[in-house]
Structure formats: structure tokens, C-alpha cells
Amino acid sequence: DEALKDPAVRKNIRARIFFAYTSNQISCGQREVIKFLVQHKMVDVIVTTAGGIEEDIIKCFEHTYMGDFKLSGKELRKKGINRIGNLLV
């Protein structure tokens, strides 16, 4: 319904859309999907967990760079580069 896209109309609806995900969804490639949902106000509440706590710890100790899922893990490893999904560590 087009009328529901209006923030003023949505404000008066008592139901809220909760979006929950574990932190590993970010590093497995869902970052842009989540960003889209938030930017377009398609969710009202975000709940996330430290479901991939090992990834969060790794990110605290080393710089992380955006890579690509298509990169060869074997070639990256030869260069001493580790990966978490599309993130290069």
C-alpha cells in the first residue's frame, strides 16, 4: 500500500517491524541489504547480537578492508591475507 510509505501514516500504526540479525550477517555480504532497509525506513527496530564474536574480536586487533567474495582464498593466503567473507584482514 503506497499510503504506508508515508512516515506520518506509519507513525500512527501501533505495530512495529523488528529486524534481528547476528553480527556475522555483516561480514557474509548482507551489509548492503541491511543498509538499504534502514535507509529506506523499512524497519522500525534493529536488534543485533555478538553471534559471530570471533569476527568482532579479530576486527579489534587488525585493520579490515573491503574485498570481494570472488577473490581467490588460496591466492590471498599466499600473500598472508586472511578473509572473513568479503572483509580482508
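Student: Leaving aside neighbours within four places in sequence, which residues is His63 in contact with?

Tutor: Leu88 and Val89. Keep in mind that this is a predicted model.

Student: Where is His63 found, in terms of helices and strands?

Tutor: Look at the loop that runs between helix H3 (53–61) and strand S3 (65–66).

Student: And is His63 buried or exposed?

Tutor: The idea is to compare the relative accessible area with a cut-off: over 50% counts as exposed. His63 has 61% relative accessibility, so it counts as exposed.

Student: Now charges. How many salt bridges does the structure hold?

Tutor: Start with the general idea: side chains of opposite charge can pair when their charged atoms come close. Here there is one salt bridge, and it joins the side chains of Lys78 and Glu75, at 3.4 Å from N to O.

Student: Where do Lys78 and Glu75 lie?

Tutor: Both are in helix H4 (residues 73–78). They are three residues apart, which is about one turn of the helix.

Student: What about accessibility: is Lys78 buried or exposed?

Tutor: Lys78 is exposed, at a relative accessible area of 59%.

Student: How many positive and negative side chains does the chain have?

Tutor: There are 15 positive and 11 negative ones, and the centres of the two sets lie 2 Å apart.

Student: Let's zoom out. What is the radius of gyration of the chain?

Tutor: Set the value against what a compact globule of that length would give. For 89 residues that would be near 12 Å, but this chain has 18 Å. The C-alpha trace spans about 55 × 25 × 15 Å along its principal axes.

Student: How much of the chain counts as buried?

Tutor: Of the 89 residues, 15%. The chain exposes about 6900 Å², with carbon and sulfur atoms supplying 59% of that area.

Student: Last one: what share of the contacts with a separation of 6 or more comes from residues 24 or more positions apart?

Tutor: In this chain, 57%.

Note on methods. Residues numbered from 1 in each chain as written. Predicted model: local features only at pLDDT ≥ 70, side-chain atom pairs only at ≥ 80, totals over all residues. Heavy atoms only, no water. Salt bridge = Lys/Arg side-chain N within 4 Å of Asp/Glu carboxyl O. Helix = DSSP H or I, 4+ residues; strand = E, 2+ residues; numbered from the N terminus. Buried < 20%, exposed > 50% of the residue type's maximum accessible area, 1.4 Å probe, protein only. Rg over C-alpha atoms; globule rule 2.2 N^0.38 Å. Contact = heavy atoms within 4.5 Å. Areas by Shrake-Rupley, 256 points an atom, 1.4 Å probe, with all protein chains shown as cover. Lys, Arg positive; Asp, Glu negative; His and termini not counted. Charge placed at Lys NZ, Arg CZ, Asp CG, Glu CD.
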